[in-house]
Amino acid sequence: MDNNKASMDNKAYLDQIAVKGKVKSGPIFTPMLIKLIAAGVVMLITMIVVGSVISSSNAKVTQSHERVYLRISKLGDKSNNAPLAKYSKLLRNSDLRAYASTLHSTLETTNNKLSGVIGTTGVKTSGISAEVTKAENANISAYTSALENAILSGTLDRVFATETLYQISTLIQYENESLKKANSQSYANLIKQSIQDLTTLEENFNTWSETH
C-alpha cells in the first residue's frame, strides 16, 4: 500500500514538473506584427503607385519633345515628295511663294540645330515612340492629301495658305508645351527662337489668307 502511495506521489511529482516545464506559446501574429505587416504593404503599394505616376509623367514629357522634333523634321524635309517643298513650287502668288520659301528655310535651319541638342532632353531620335510617330505620319499624310486635292480643284494657293497656317499654329502650340517642360537651356533657347520666327510667319500667312 505504501509502495502504491509512493508510486502515485512520484507520478504526481513528475506530472507537476512536466506541466511547469511546458512553455506557453502565444499567437504567431500579434497585433503589433499585424500592424507592421500592414504598414509594409501600404508602403510597397505607395511606392509602386508613385513610381508608375513618375514613369508616366516622364513619358509624357519625352513625347512632348519628340512631337516637336518630328513635326519640324517632317515639315522641313527638303525631299521632292515632302509636301511643303513639293507644293510650294507650284504656287502662283509670288508673296505666298516667298512666305513658303522662308518657312521651309526656317524649319530646315531649326531642324539642323535641333538635331544637335535634342539629345539633351532625353529624346533618342532613333527611338521615337510609336504613338508620336503614328500621329505625325497621319498629320503629314493629311497635309499632303489636302494639297494634292487642291491641285485637282484648282485652289492650291488658297488651300496651301490655310493648311500651312494650321501647321504653323499647331507647331507653335507644341513648342510652347515642350518649352514648359524643357530642362535643357540649349534646347529652350532654340525653341524660343523657333517660336519667334514661326510667329512672324504665322502672321504673314494669316494676313494673306484674309486678303485673298
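Start with a charge and a ring: the charged end of Arg67 is placed over the ring of Tyr174, 5.2 Å from the centre of that ring. Keep in mind as you look that this is a predicted model.

- The ring centres of Tyr99 and Phe205 are 6.0 Å apart, and because their planes meet at 50 degrees, the pair is tilted.
- This pair links distant parts of the chain, since Tyr99 belongs to helix α4 (residues 94–117) and Phe205 to helix α7 (residues 185–211), 106 residues apart.
- How exposed is Tyr99? Tyr99 has a relative accessible area of 23%, so it counts as partly exposed.
- Phe205, in contrast, has a relative accessible area of 0%, which means that it is buried.

**The pair of Phe160 and Phe205**

- Phe160 and Phe205 also form a tilted aromatic pair, with 6.5 Å from centre to centre and 40 degrees between the planes.
- Phe160 sits in helix α6 (residues 156–181) and Phe205 in helix α7, so this pair ties together parts that are 45 residues apart in sequence.
- Both Phe160 and Phe205 are buried.

**Putting the rings together**

- Which residues make up the aromatic cluster? Tyr99, Phe160 and Phe205 form one cluster.
- Phe205 takes part in the pair with Tyr99 and in the pair with Phe160, so follow Phe205 in the 3D view to find both partners.

Methods
Residues are numbered from 1 along each chain as its sequence is written. This is a predicted model: local features need pLDDT of at least 70, side-chain atom pairs count only at pLDDT 80 or more; totals for chains, interfaces and linings use all residues. Side-chain values use heavy atoms; hydrogens and water are left out. Rings of Phe, Tyr and Trp (its six-membered ring) pair if their centres lie within 6.5 Å; planes under 30 degrees apart count as stacked, over 60 as edge-to-face and the rest as tilted. Helices (H or I, at least four residues) and strands (E, at least two) are DSSP runs, numbered from the N terminus. Buried means under 20% relative accessible area, exposed over 50%, partly exposed in between (1.4 Å probe, protein chains only). A charge sits over a ring if NZ of Lys or CZ of Arg is within 6 Å of the ring centre and within 35 degrees of the ring normal.
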